[in-house]
Structure formats: structure tokens, C-alpha cells
Amino acid sequence: MAQQSLTFKGVENADQVNKITTALMMLDGVDSAEVGRYGADVEGRVRREALIAAVEKLKLGVKVS
């Protein structure tokens, strides 16, 4: 299993964390996602670009790197 980390800027509340967690967990290949205000650690076989796109698609104004 591969692990990838994302860094967030602009996550302000638990509702946003929950939305990001759900979006990441819905992706094919994601086995687990630990999400907080400043980033996420994702386990599974999924491309980094797909993780970033899933967060950006939420249009929360969050910067992902």
C-alpha cells in the first residue's frame, strides 16, 4: 500500500474537514484517509493528481499541495 500526504491552506472548520474526508474516501483505490485542518495522509493505490482534484472539486477555497 502506498501513502501520500497532502498539505492544506484555508481549512477553517470541522465541516470542511468532513467534506474533504468524504471526497477522498469516495475515490477508487483509497483505503484510508486521516484528514485534519492542515493536511491529509492517504493510504491506498490512487494518483496524487486524483486526490488534489477531488479536494479542488469541492470548491471550498482550500489550497492543496
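The model is predicted, so local features need pLDDT of at least 70 and side-chain atom pairs count only at pLDDT 80 or more, while totals for chains, interfaces and linings use all residues. Residues are numbered from 1 along each chain as its sequence is written, and side-chain values use heavy atoms, with hydrogens and water left out.

Let's start with the sheet. Helices (H or I, at least four residues) and strands (E, at least two) are DSSP runs, numbered from the N terminus. Two strands pair if DSSP finds at least two bridges between them. Here 4 strands form an open sheet in the order 2-3-1-4, with antiparallel pairing. Strand 2 (30-36) and strand 4 stand at the edges with a single partner strand each, so one side of each has no neighbour in the sheet.

Now look at strand 1. Strand 1 and strand 3 (residues 39-44) are joined antiparallel over 5 bridges, and Ser5 stands opposite Asp41 in strand 3. Strand 1 is also joined to strand 4 (residues 63-64) by 2 bridges, again antiparallel. In strand 4, Lys63 is the bridge partner of Lys9, and Val64 stands opposite Phe8.

In a regular strand the side chains alternate between the two faces of the sheet. Buried means under 20% relative accessible area, exposed over 50%, and partly exposed in between (1.4 Å probe, protein chains only).

Next come the helices. Gln16 lies in helix 1 and counts as buried because its relative accessibility is 11%. Leaving aside residues up to four places away in sequence, Gln16 touches Gly10, Val11 and Leu60; contact means heavy atoms within 4.5 Å.

How do the two helices meet? The axes of helix 1 and helix 2 come within 9 Å and cross at roughly 140°. Axes are lines fitted to C-alpha atoms, for helices over the stretch in contact, and angles run from 0 to 180 degrees between N-to-C directions. That makes helix 1 oblique to helix 2, since angles under 35 degrees count as roughly parallel, over 145 as roughly antiparallel, 65 to 115 as roughly perpendicular and the rest as oblique. Ile20, Ala23 and Leu24 of helix 1 and Leu51, Ala54 and Val55 of helix 2 make the contact.
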